[in-house]
Amino acid sequence: MAAQTKVAVIYYSATGITYQMAQAVCEAAGDAGADVRLRKVRELAPDEAIRSNSGWQAHHLETQDVPEAMVDDLAWADVVILGAPTRYGMVAAQLKQFIDTTGPLWAQGALANKVYSAFTSTATSHGGQETTLTSLFNVFYHWGGVVVTPGYTDTSQFIAGNPYGPSHTSNNGEVAPDAVALGACALTARRAVQMGAALKAGLAAG
């Protein structure tokens, strides 16, 4: 019997929008038969900044029991799915800082031959969704990974409209991910698990 595909979902979320997307990714990956880890990256913002935004403060408290991501989570996983809101069309600093700690694993080749995917959210329509996702893909290319996206592999994607990955416009954290965005999360997770299992089996077969 083949071993379960191991999926690490690693995210950053300030007010909870990206966290809700991460949960949808985890649920779909689990339903697809994967062994799933949900991990948040370390918060870098000072306490006074967090306290200045009620939504940020509330989410910070609500998710205090979610384990923080470690580079060992990347080593463990067959599939890694990263998520963060965009910041000026680039990935949020909190996730970038975590990525910047992966040098030793990269140098060992321990990040290669895994499946990678990503998801994001923005405050405004478009707002850098595609550039944030493709900036993460650049990291995956350096790692030697296999990038899996939702593409237009399901009719729902013609409504979601983003072939690079799940994305959502939150209106500054006021609008929760809708069925379209969460459906794109699930589709991406299923595809990543499927491709991860196939890659793992192929590598094992030599």
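What volume does the second largest pocket have? In this predicted model, the second largest pocket has a volume of about 310 Å³. Its lining is made up of 18 residues, and Q129, A160, N162, S167 and H168 are the closest to its centre. Helix α7 (residues 129-143), strand β7 (residues 167-169) and helix α9 each contribute at least two residues to this lining. Sorted by class, the lining of the second largest pocket holds five nonpolar, 11 polar and two charged residues.

At least two lining residues come from each of α1, β3 (residues 79-87) and β5 (residues 115-122), with β3 providing the largest share, namely three residues. The lining of the largest pocket divides into six nonpolar residues, 13 polar residues and one charged residue.

Helix α1, which supplies at least two residues of the lining of the largest pocket, and helix α9, which supplies at least two residues of the lining of the second largest pocket, also pack against each other through a contact of their own. The axes of α1 (residues 17-31) and α9 (residues 179-205) come within 8 Å and cross at roughly 45°. On the side of α1, the contact is formed by Q20, M21, A24, V25, A28 and A29, which meet L182, C185, A186, A189, R190 and V193 of α9. The residues of this contact of α1 with α9 comprise 10 nonpolar, one polar and one charged.

Technical notes
Residues are numbered from 1 along each chain as its sequence is written. This is a predicted model: local features need pLDDT of at least 70, side-chain atom pairs count only at pLDDT 80 or more; totals for chains, interfaces and linings use all residues. Side-chain values use heavy atoms; hydrogens and water are left out. Axes are lines fitted to C-alpha atoms, for helices over the stretch in contact, and angles run from 0 to 180 degrees between N-to-C directions. Helices (H or I, at least four residues) and strands (E, at least two) are DSSP runs, numbered from the N terminus. Contact means heavy atoms within 4.5 Å. Ala, Val, Leu, Ile, Met, Phe, Trp, Tyr, Cys and Pro count as nonpolar, Asp, Glu, Lys and Arg as charged, and the others, Gly among them, as polar. On a 1 Å grid over the protein atoms alone, a cavity is a set of points where a 1.4 Å probe fits but cannot get out, and a pocket is an open set with protein on both sides within 12 Å along at least five of seven lines; lining residues have an atom within 4 Å of a point. Grid points are joined across faces, edges and corners, and a volume is the space filled by probe spheres set on the points.
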